[in-house]
Amino acid sequence: LMSADGVASPTIFAEMSALAARSGAINLGQGFPDEDGPAEVLEAARQAISDGMNQYPPGRGHPDLLEAVAEHRARFDGVALDPGTEIIATAGATEGLAAALLALIDSPEDEIVVFEPYYDAYAALVALAGARLVTVPLRWPDFQPDLDELAAAVGDRTRVILVNDPHNPTGTVFTREVLQHVVALAERHDAIIVTDEVYEHLVLEGERTVVQTLPGARERTIAISSAGKTFATTGWKIGWATGPADLIDAAMTVKQYLTYVNGGPFQPAIAAGLRLPDSFFHGIADTLRRKRDLLGEGLAAAGFAVSTPAGSYFTVADAAPLGARDADDFCRELPDRAGVVAVPLTAFVTDARRPDYATLVRFAACKREDVIRDAGGRLAAMI
Ligand code: PMP
Ligand code: GLN
């Protein structure tokens, strides 16, 4: 596994968070919030524990969570789902992705197409599933794919097109046109689409396109999500996968042998979160937009060239104007030079494409405003 392209041990996030803890630097590396989410959700978990919901939940998920996911996806995404057959609860989005990919891959010739840079787990999961990783580059500064390069990457060996939208690490939200192309290519080559929608409520510019609502997509798409980002509960690891019953059954077959079940009392707590009013979900995007702007201003003032992400927790900045030649070295020195931790984009790419991302750095904006302001000041004063 560790010899697979783009797979590191320990993960870049573990390494950078350890570096932050050791050096006392501000951690803008790993994407997790530094404040608690809604009190109702935290209280619902305490209540579930008090109510004795501490044994194995049902295999497909707590019925209340499955119902809440169905309601939520109908309310925000216009996708109608049968909670009995078309939804399963998973141990975070990570297990949903693992279960889907392990279920869908039959042969070492099978290919999984991903957009590059990609969330680091993708390369590892493709290797675990025993498939081939095929990548489509996203280029600075808008990080939308070239449609010809996308078409060239998909062929008769393609089993899965894996789409992360909004996108980690670039902050891109794919255009409707790009996603329509994904669906058309999947139909033409009889591939399955797996969407990673963990940042679904963190769209900061424009609107996202829900892949499952595009013509032809519903019957061949598994959509994967997580409560971690939406409710600031990344440690609870509650996620879900939705899609047609046959694909969800296939993922369920794998999930039952990965973890069997997970997060008993947290499942009903997240159900309560999913039922919060629209204003909560708009509020988290508004809050993050302010943080993104603050972070962007701080980075620009420190001399970086900065992209403006349309979604996700993340902002990509180019350290070349500061004289950086290699973002890997730059990020390793950053805690000493500035007291800030960030992640090089090269951690999210295949070896062959490292030069294209050589000076790009990812900063997480999901931190308190005073922390972001402090980080901006430190970067401006960098030695
Ligand atoms: N996909 C993406 C794109 C992510 O950024 C993350 C985040 N941490 C995950 C999946 C994993 O989500 P979870 O913690 O719910 O497994
Ligand atoms: N998704 C978060 C990030 O990209 C953290 C994931 C992790 O620590 N594995 O920073």
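The model is predicted, with local features requiring a pLDDT of at least 70 and side-chain atom pairs counted only at pLDDT 80 or more, whereas totals for chains, interfaces and linings use all residues. Residues are numbered from 1 along each chain as its sequence is written, and chains are lettered from A and ligands numbered from 1 in the order in which they are written.

**Confidence**

Colour the chain by pLDDT, the predictor's confidence in each residue on a scale from 0 to 100; the chain average is 97, and 100% of the residues score at least 70. The model's ipTM is 0.97 and its pTM is 0.97.

**The seven-stranded sheet**

Select next the open sheet of seven strands, ordered β2-β8-β7-β6-β5-β3-β4 with mixed pairing. Its edge strands, each pairing on one side only, are β2 (87–91) and β4 (132–137), and from one strand to the next the twist averages 25°. Strands here are DSSP runs of E with at least two residues, helices are runs of H or I with at least four residues, and both are numbered from the N terminus; two strands pair if DSSP finds at least two bridges between them. Within this sheet, select β6 (residues 192–196) and β7 (residues 221–226), which run parallel and are joined by four bridges; V194 has I222 of β7 as its bridge partner.

Now centre on T158, which is located in strand β5 (residues 158–164). T158 counts as buried because 21 other C-beta atoms lie within 10 Å; the cut-off for buried is 20 or more such atoms within 10 Å, for exposed 12 or fewer, with partly exposed in between, and C-beta atoms are placed from the backbone. Apart from neighbours within four places in sequence, T158 is in contact (C-beta atoms, placed from the backbone, within 7 Å) with E111, V113, H189 and A191. The C-alpha atoms of T158 and A191 are 6.0 Å apart in space, although the two residues are 33 residues apart in sequence.

**The four-stranded sheet**

Move to the open sheet of four strands in the order β9-β10-β13-β12, where the pairing is antiparallel; its edge strands, again each pairing on one side only, are β9 (305–306) and β12 (343–344). Two bridges join β12 to the antiparallel strand β13 (residues 360–364), and in β13 the bridge partner of V343 is R362.

In strand β10, pick A317, which is buried because 29 other C-beta atoms lie within 10 Å. Beyond its neighbours within four places in sequence, A317 contacts L299, F304, A305, V306, V361 and F363. From A317 to T170 the C-alpha distance is 9.6 Å, across 147 residues in sequence.

**The ligands**

Finish with ligand 1, which 14 residues surround, the closest being G92, A93, T94, N168 and S226; a residue is counted if its C-beta atom, placed from the backbone, lies within 6 Å of the molecule. Helix α4 (residues 92–104) supplies the largest share of this shell, three residues. Around ligand 2, select T11, F13, Q30, G31 and N168.

Technical notes
Axes are lines fitted to C-alpha atoms, for helices over the stretch in contact, and angles run from 0 to 180 degrees between N-to-C directions. Two residues are in contact if their C-beta atoms, placed from the backbone, lie within 7 Å.
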